[in-house]
Amino acid sequence: MRCIITVAALLLSCAALQAAAATYDYKKLLQMSLLFYEAQRSGKLPSDQKVKWRHDSALNDKGIHGEDLTGGYYDAGDFVKFNFPMAFSTTLLAWSVLDHKKGYEKANALEDGRKAVKWATDYFLKCHVSEFELYGQVGEGTVDHIYWTLPEDMPYKRNAFMITAKAPGSDLAAETAAAMAASYLVFKDVDSKYASTLLTHAKQLMNFAVKYLGKYSDSIADANKFYMSSSYQDELVWGAAWLYRATKDKSYLDIINKYWPVIMYWDGFDWDNKKSGAEVILYMTTRDDKYRERVKSYCDNTFFKTPKTPKGLLLTNAGGNLRSNANAMLVCSEAANLGIEASSYRPLIKQQVGYYVGDTGFSYVVGFGNKYPRYAHHRSSSCPDHPAKCGWDFFNSNTPNHHIVDGALVGGPNASDYYFDTRKDATHNEVTCDNNAGYHGVLVNLIELEG
Ligand SMILES: *[C@@H]1O[C@H](CO)[C@@H](O)[C@H](O)[C@H]1NC(C)=O
């Protein structure tokens, strides 16, 4: 927002303008985001499923020895279960429930929030078949992307892939450990037996991650084409930070002290880079100023040194997308909660969220407001119900998606605020579990802050 300082208005007008960022119904947006996660559910759907246009699917997802691998979340507009970004989304969902119970309660969504976490952790428990064996993917992007169908009509065999001591994946194991440790804290006082199972697996997986070093995408070839991991050191720090928070066991500090210096200057936060989020957790648990300084530097750079689109979206990555922006807003919301520049960051965060949900006259959240994406790149909501046929002719047609995938945040506009609503543009119009995860966490923060 541009501030014009006139003689009469003085400096106050800038502060006033910032504070006056539009307010939206964040509770409704949070409930809708939870519906999006429901819409991504794979496997046998429960009787309390609210998204009724989805049906049971992928009931034969099995490991190489026949292990049951049903459940979990479809990654995006497609139907692969990519555990690496799924685990990241789960860690963020669990974090939001853990530290913002009040916000969920205000939105009457606490139960649903826990269910969203458990839908993933139930699946991760199935994937961790022995101490040093963790399934990391079911289905292959190279195969899955040939078809545009409903999930219950997938016409191909879904292979499963694991990491092992010989084909390691420290990043995947540590991120899954982070998800389970954060979820342990969520369920500790709700279902202590389930929680302790999660913690046992979290500890084993963290040990697996540290003992057999390597990148999971070097071990799972198909993942390398879709979610190639750049490094595992950041996940080792992130996983150890969550385990330290969960257990206060000093051995996790040794892992952090060994790997944090390696990643010290890699500021950022997304499914591939856990660095700045890890520092928030580390500052929270250790109060060591070296983490505070790095987080503050990252947020200061984000807010005060990052270029914006003409309409005010911070271009937190070169091409601009809402996921990258929202992940940054999450880190800085949580930093603000720890006393880092709260009064300066919070109005700016609210303004960025305003851009996502309606400030430009368009909502990039499907189903919210009057104008929102009708052609999200998302198969299950786009395809007509049985017995009608789906397929590429439908994909290429001008028929809007048959169902509204409520609550899903699309990729968003380009760096000049330009956006065209078409299924053909996966970059700007796809919806993914991890695309929503940071944004979801920011929403609960806003709910708590708004009266
Ligand atoms: C955004 O897309 C529009 C339409 O294709 C194009 O004219 C514009 O140059 C793009 N902006 C950037 C920064 O790529």
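Predicted model: local features only at pLDDT ≥ 70, side-chain atom pairs only at ≥ 80, totals over all residues.
A disulfide is a pair of cysteine sulfur atoms within 2.5 Å.

## Cysteines in and out of disulfides

By this rule the chain holds two disulfides. One of them joins Cys 299 to Cys 332, with an S to S distance of 2.1 Å. The link of Cys 299 and Cys 332 is left-handed, with -100° about the S-S bond. It ties together distant parts of the chain, as the two cysteines are 33 residues apart. Cys 299 belongs to helix α14 (residues 289-304), while Cys 332 belongs to helix α15 (residues 322-337). Cys 299 has a relative accessible area of 0% and is therefore buried. Cys 332 is buried too, again with a relative accessible area of 0%.

The other pair is Cys 383 and Cys 390, whose sulfur atoms are 2.0 Å apart. This link of Cys 383 and Cys 390 is also left-handed, at -80° about the S-S bond.

Counting bonded cysteines along the chain, the disulfides follow the pattern 1-2, 3-4. Cys 127 is in no disulfide, and the nearest cysteine sulfur, that of Cys 433, is 14 Å away. Because a disulfide needs sulfur atoms within 2.5 Å, that 14 Å separation leaves Cys 127 without a partner. Cys 433 is likewise in no disulfide, its nearest cysteine sulfur being that of Cys 127.

Here are the cysteines side by side, with their relative accessible areas.

| Cysteine | Relative accessible area | Class |
|---|---|---|
| Cys 299 | 0% | buried |
| Cys 332 | 0% | buried |
| Cys 127 | 0% | buried |
| Cys 433 | 3% | buried |

His 403 is worth a look alongside Cys 383. The C-alpha atoms of His 403 and Cys 383 are separated by 7.9 Å, with the residues 20 apart along the chain. His 403 sits in the loop between α18 and α19. At 16% relative accessibility, His 403 counts as buried, because the cut-off for that class is under 20%.

## The largest pocket

The elements that give two or more residues to the lining are α18 (392-396) and α19 (426-429). Of these, α19 supplies the largest share, with three residues.

What is the lining made of, by class? It has nine nonpolar, eleven polar and five charged residues.

## Around the ligand

Which residues are found around the ligand? They are Asn 414, Ala 415, Ser 416 and Tyr 418. In one, an oxygen atom of the ligand is 2.3 Å from an N or O atom in the side chain of Asn 414. In the other, a nitrogen atom of the ligand is 2.5 Å from an N or O atom in the side chain of Ser 416.

Definitions and conventions: Residues numbered from 1 in each chain as written. Heavy atoms only, no water. Helix = DSSP H or I, 4+ residues; strand = E, 2+ residues; numbered from the N terminus. Buried < 20%, exposed > 50% of the residue type's maximum accessible area, 1.4 Å probe, protein only. Nonpolar A, V, L, I, M, F, W, Y, C, P; charged D, E, K, R; others polar. Near = heavy atom within 4 Å. Polar contact = N/O pair within 3.5 Å; in protein donor to acceptor, adjacent residues only side chain to side chain.
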